[in-house]
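Dear colleague,

I am handing over the structure below, together with some notes on what was found in it. Please read the notes with the model open beside them.

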Amino acid sequence: MASRSLNQRSLAPWLFLAPGLAMFIVYVIWPIGESLLLSLYDWDGLYNREGEFTGRFVGLANFEELWSDPAFVTSLVNNVIWLALYLLAVPAGLLIAVFLNQSVRGIRLYKSLFFFPFVISQVVVGLIFSWFYAPNFGLFYMIIEWVTGQGVAILAEEKYVTYGIIAAGLWPQIAYVMILYLTGLNNVAPDQVEAARLDGAKGWRMLWYVILPQLRPATFIAVVVTVIGALRSFDLVSIMTTGGPFGSSRVLSFYMYEQALSEYGYRMGYGAAIAVVLFGIMMIFISGFIWKMWRDETER
Amino acid sequence: MVRYARGAMALTAALLLSTAAVAQDKRILKYNADYDPIPLAAMEALIADFEAANPDVDVQLNNFDHEGYKTAIRNFLTADAPDLANWYAGNRMAPFVNAGQFMDVTDVWEANGLNEALASAKASMTIDGKQWGVPYTYYQWGIYFNRDAYKAAGLEAPDGGVTWEQFLANCEAFKAAGIDCLTTGSKALWPVAGIFDYLSLRTNGYEWHMDLTAGKVAWTDDSVKKVFAEFAKLQPYVTANHAAIDWQDAAALLVQGKAANYVMGNFAVGTFKEGGMTNDNLGFMVFPEITPGIPRAEEAPTDTIHIPAGAQNVDDAKKFLAFVASADAQTKLNAALGQLPTNKNSTVAADDPFISAGFESLSSAYALAQFFDRDAPAEMAKAGMEGFQEFMVKPENLDAILERLESVRQRVYQ
């Protein structure tokens with residue numbers, strides 16, 4: 001009897017976890033290890049005729065090269081800009097959610113219209129914005145030309161191109177954050193709002209002291225998905241500029257793809273080194289999030 | 001269970017019988033390729049001719065998507081090597097040759113007199129003094145122009161070519177008329193490499209250009225600056241915002257007469273004509289001479305077929321290469337492709353002015369370059385093309401660009 005309950009307590013959880021764990025090890029842990037290892041090699045991705053690995057061990061040379069590589073620095077700086085500006089999606093999404101959180105006739109329709117950009121594929125979003133910015137016939141270009149007399153091709157200007165792509169990325173991201181907050185707002189306790197109202201709270205004070213604290217779980221998720229979304233931005237850069245003009249809109253994930261897998265790349269080791277750096281940056285945020293979740297759970 | 005096993009055995013036996021019936025008298029030749037629909041039909045016709053001439057060989061063409069092929073070839077050469085595979089000449093094949101994945105086919109060249117018949121393409125098929133494949137088609141680059149745009153600017157169409165001074169003077173006139181003298185769409189980078197290659201070939205010559213792409217010339221050298229000095233003369237007349245548009249968008253500018261000239265490959269003729277241009281208003285000329293007396297070299301990217309080192313049926317694969325290289329097969333294949341045969345004894349359709357002009361231009365050329373991204377190693381090519389694009393947008397950054405390219409050169413060719 002004792003051994004049976006011991007089995008139930010200690011073995012059963014592991015049995016239930018086993019399928020997930022196996023997947024996680026094969027598809028997450030193992031590739032991470034492979035990438036870490038590969039980042040120490042100089043390899044063009046080819047095996048020789050006997051099927052042997054042809055890479056050359058170079059130690060940390062790939063990482064040393066990264067620091068003197070202007071394209072890497074550009075990508076890193078762009079990633080920081082992405083991260084900072086992408087977080088604007090959180091307040092913007094909250095604003096729209098609060099605005100839409102009312103009972104007017106047909107509000108469901110408006111909500112779904114606001115949610116629409118998130119449903120569209122990133123590739124389509126990229127294409128729409130490329131045309132929007134396109135020189136000579138793009139709407140944005142023509143508006144600028146009409147106002148200032150001189151059109152600006154956002155995607156051909158190294159100064160503006162990253163901001164242009166981020167604007168495209170914010171469009172669906174705001175919609176995503178909005179839907180997170182809308183569901184959060186459904187769960188706001190009406191009695192607390194009522195009580196606050198009796199105490200004379202309204203407007204910003206109501207939002208800041210009464211509503212927002214109740215939305216904390218939604219805010220947390222919104223920040224997490226936005227930070228991760230900013231760090232793995234790839235589709236839009238690839239579709240809208242392929243990193244151009246002259247590499248000024250690259251981000252780390254795109255640069256990694258370029259070096260390792262694109263037509264002019266096949267420097268597997270160098271690409272893996274970029275991936276390792278990106279992984280390191282992501283780990284800072286992810287461990288922060290996990291630490292916070294763990295703390296919340298143990299406190300309660 | 002027994003029943004299943006018996007069923008499976010019966011099925012296997014039936015399969016074996018049916019394939020045995022075919023395999024009895026035919027040797028299989030596996031061919032991996034990446035043809036678009038029109039070239040695919042042309043190649044299928046060539047294969048049918050080959051099978052008619054060699055009734056005991058069965059060519060199995062396994063066609064890949066064009067972009068996917070570039071990744072797939074890296075796997076199938078090792079994992080499941082076919083007997084024949086498509087690829088490209090010049091430095092593009094170097095990684096596979098150096099990894100021992102392509103077979104030396106020098107004997108095919110010698111046995112079939114290809115050293116003479118394919119003389120113009122031989123240099124680009126040679127690494128370490130041996131030939132590693134056979135070219136079956138190429139196409140010319142040059143300047144395509146819109147005669148209507150020339151008329152609109154009050155200029156004479158440059159049929160037969162102009163001098164470099166005249167070309168630049170025309171550009172000035174186009175600028176006054178509000179027409180882009182030279183258009184390009186450099187979003188995908190490679191179109192600017194065509195412009196640079198020609199300026200380089202015309203300023204310092206073919207040997208120098210080959211030294212540059214082989215990493216033997218420093219990018220900070222004065223001879224490179226000479227090329228960029230000519231580039232700087234052209235730079236103000238190129239379509240603004242070219243970095244934001246694709247080459248097809250720039251083709252539209254040429255079609256609409258908003259641009260006059262376009263440095264392009266012959267494959268663009270189809271796009272120009274779809275846009276409404278005809279042989280009457282679309283013209284072709286070779287890139288003008290810059291430094292007098294330098295032998296005229298041209299760009300002619302070459303498509304090739306190779307035998308992987310792991311091929312099973314090498315004898316028939318070599319027969320196939322010899323067949324593809326023959327004058328008659330190339331004449332027929334390229335007529336269907338709308339491109340140029342690499343065999344100098346082949347003939348081209350006289351009724352297509354661009355094909356005949358290209359054949360004339362290439363067969364009388366002193367030497368042929370492949371294209372910047374095929375002559376230079378991949379990493380140098382990418383950095384170079386980004387540098388050219390940056391120069392065309394911000395010519396004042398020249399020194400920084402050249403220093404960056406030089407540091408890439410020192411790493412890539414070490």
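**Helix contacts, sheet and interface**

In chain A, A:N79, A:W82, A:L83 and A:Y86 of helix α3(A) meet A:T226, A:V227, A:G229, A:A230 and A:L231 of helix α11(A), where contact means that the C-beta atoms of two residues, placed from the backbone, lie within 7 Å, and where helices (H or I, at least four residues) and strands (E, at least two) are DSSP runs numbered from the N terminus. The residues of this contact divide into six nonpolar, three polar and no charged, with Ala, Val, Leu, Ile, Met, Phe, Trp, Tyr, Cys and Pro counted as nonpolar, Asp, Glu, Lys and Arg as charged, and the others, Gly among them, as polar.

Before going further, please note that this is a predicted model, in which local features need pLDDT of at least 70 and side-chain atom pairs count only at pLDDT 80 or more, while totals for chains, interfaces and linings use all residues. Residues are numbered from 1 along each chain as its sequence is written, and chains are lettered from A and ligands numbered from 1 in the order in which they are written.

The axes of α3 (residues 70–86) and α11 (residues 216–231) of chain A come within 8 Å and cross at roughly 155°, axes being lines fitted to C-alpha atoms, for helices over the stretch in contact, with angles running from 0 to 180 degrees between N-to-C directions. α3(A) is therefore roughly antiparallel to α11(A), since angles under 35 degrees count as roughly parallel, over 145 as roughly antiparallel, 65 to 115 as roughly perpendicular and the rest as oblique.

In chain B, the axes of helix α10 (residues 190–204) and helix α11 (residues 206–213) come within 7 Å and cross at roughly 130°, so these two helices are oblique to each other. Here B:S200, B:L201 and B:N204 of α10(B) meet B:Y206, B:W208, B:H209 and B:L212 of α11(B), a contact with four nonpolar, three polar and no charged residues.

Chain B also holds an open sheet of four strands with mixed pairing, in the order β8-β9-β7-β10, two strands being paired if DSSP finds at least two bridges between them. Its edge strands, each pairing on one side only, are β8 (180–183) and β10 (282–285), and the twist averages 25° from one strand to the next. Strand β7 (residues 141–146) of chain B pairs with β10(B) in the antiparallel sense over four bridges, and B:N146 stands opposite B:L282 in β10(B).

Finally, 24 residues of chain A are in contact with 24 residues of chain B, and the chain A side divides into twelve nonpolar, eight polar and four charged residues.
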